[in-house]
Amino acid sequence: MILHRQREPLVLENVPEPQPKPGEVLIRIDACAVCRTDLHVVDRELAEPRLPLILGHQIVGTDVASGKRIGVPWLAWTDGVCRYCTSGRENLCDRARFTGYTADGGYAEYCTADARYCFALPDDYTAEEAAPLLCAGLIGYRAFRMAGDARRIGFYGFGSSAQILAQVAQADGREVYAFTRDGDKTGQEFARKMGAIWAGGSGGAPPEQLDAAIIFAPVGPLVVTALQHLAKGGVVICAGIHMSNIPSFPYELLWSERSIRSVANLTRRDGEEFFERARRMRIVTQRQLFTLEQANAALNALRAGEITGTAVLRIR
Ligand SMILES: [Zn+2]
Ligand SMILES: [Zn+2]
C-alpha cells in the first residue's frame, strides 16, 4: 500500500520485492499494527516523509534467511557517532532513520530492515498480538518510565498505547486514572476493563490529584488540563510525535516543581527492557483486524476515533 502524496489515500500496487543491503534482513510480514503516527504522516502533520512511501512501523514477520520471527520498530537506523548516540540517547540521533517514515515500512508483504535494530519477540504472542507492542507498547513504556515512581498516573487518551501501559502500571502497583473524550462511555468502560481504577471524560476531574499524567492524545490543550490535576512535583509527559498547539496558561499551574516533557522515539535498550516485561507478564490487547488492502479503512477509522484498542493489518 503506497503513499504517493500526503493527504491522499494509499494505493494498492505491485512493487518488486525489496533487496536487503549488507547488514539487512529480508522479512516476510505477518502483521503490522497501525499507529497514530502513520496518520500524522498521511495527514501531513509530520513533514517530509520519503515519497513514495510504505507506511507502518509495528512489524512482525519472519526473517526469510534464518526462518526466525522478528519485530521491526520505529527506529530503523542511527549513525552511532553523534553526541546523542555516544551518550546512550540514540533515540535523539541527529541522523536517525525511521521505519514507515524515512524508510519503507510494513504495509506490505515484504520489507527489509537493519538487523541491529530488530527485536526478538516473546514466543507466546501471535503476530497480531505482538505487533502493537512494537510502538504502542515500546514507546508507551518509555513514557511510562518517565513517570518515575508516581503512584497515581493519569492517561489522557485511552487507545493502543494506553491499553498496554495500563496493564504494566497495574502490575507495578500503580493506579491508572483514564481520561477519554467526554461522554465516551465505551472508551471509559474499555479503560476500566484494561486495568484503570477510574475512568471519566477529560473535561472532568479525577477523584485524587495525579502524580504524573501521560498525554497519548494529540491534543495540546490536554497538557493544561492535566497540569490542573497534578500534585506538586508531578510531571506531564507528552507521548505522541505530534500535538496541536498548547495554549498559554498561568505560571501557578507549573509552580511547585511541576514539569512538562516529551518522549521521542526509542532506544534499543527500551525495546529489550520492554520485551523482557512482555515475556514475564502476559499483555492482552484488544484489536480490530484489517487486511492489507483495507489499510485506508483502518486509517480512516483511527482518524474518526472508531478503533477500540489497536488496529492491526493482518497481512498473511
Ligand atoms: Zn508509532
Ligand atoms: Zn547519532
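Predicted model: local features only at pLDDT ≥ 70, side-chain atom pairs only at ≥ 80, totals over all residues.

Student: Why is H3 called roughly perpendicular to H7?

Tutor: Angles of 65 to 115 degrees count as roughly perpendicular, and the axes cross at roughly 95°, so H3 is described as roughly perpendicular to H7.

Student: Which residues of H3 and H7 meet?

Tutor: From H3 come Leu 138, Tyr 141 and Arg 142, which meet Asp 270, Gly 271 and Phe 274 in H7. By residue class, this contact of H3 with H7 divides into three nonpolar, one polar and two charged.

Student: What makes H3 a mostly covered helix?

Tutor: Seven of the nine residues in H3 are buried, namely Leu 138, Ile 139, Gly 140, Tyr 141, Arg 142, Ala 143 and Phe 144. These buried residues pack against helix H4 (160-171), strand E12 (210-215), strand E13 (230-238) and also H7. Following H3 is Gly 148, whose phi is positive, near 60°.

Student: How many residues has the largest nonpolar core, and which have the most contacts inside it?

Tutor: The largest nonpolar core has 105 residues, and those with the most contacts inside it are Phe 155, Ile 214, Ile 215, Ile 237 and Leu 313.

Student: Why is this core said to lie between domain 1 and domain 2?

Tutor: The core lies between them because domain 1 (2-132 + 286-314) and domain 2 (138-262) both give residues to it. For one of the residues with the most contacts inside the core, Ile 237, the contacts beyond its neighbours within four places in sequence are Ala 143, Met 146, Ala 147, Ala 212, Ile 214, Ile 215, Arg 261 and Val 263.

Student: What makes Thr 267 buried or exposed?

Tutor: Thr 267 has 20 other C-beta atoms within 10 Å, and a residue is buried at 20 or more, so Thr 267 is called buried. Thr 267 lies in the loop between strand E14 (259-262) and H7. Leaving aside neighbours within four places in sequence, Thr 267 is in contact with Glu 90 and Asn 91, while Thr 267 and Cys 85, 182 residues apart in sequence, are 9.5 Å apart in space, C-alpha to C-alpha.

Student: And why is Gly 200 called partly exposed?

Tutor: Gly 200 has 18 other C-beta atoms within 10 Å, whereas 20 or more would count as buried and 12 or fewer as exposed, so Gly 200 falls in between and is called partly exposed. Gly 200 is found in strand E11 (residues 198-201), and, apart from neighbours within four places in sequence, it is in contact with Phe 179 and Gln 188. Gly 200 and Thr 180 are 20 residues apart in sequence, with 6.3 Å from C-alpha to C-alpha.

Technical notes
Residues numbered from 1 in each chain as written. Chains lettered and ligands numbered in written order. Axes fitted to C-alpha atoms, helices over the stretch in contact; angles between N-to-C directions. Helix = DSSP H or I, 4+ residues; strand = E, 2+ residues; numbered from the N terminus. Parallel < 35°, antiparallel > 145°, perpendicular 65-115°, else oblique. Contact = placed C-beta atoms within 7 Å. Nonpolar A, V, L, I, M, F, W, Y, C, P; charged D, E, K, R; others polar. Core = buried A, V, L, I, M, F, W, Y, C linked by C-beta atoms within 7 Å. Domains from an automatic or database assignment.
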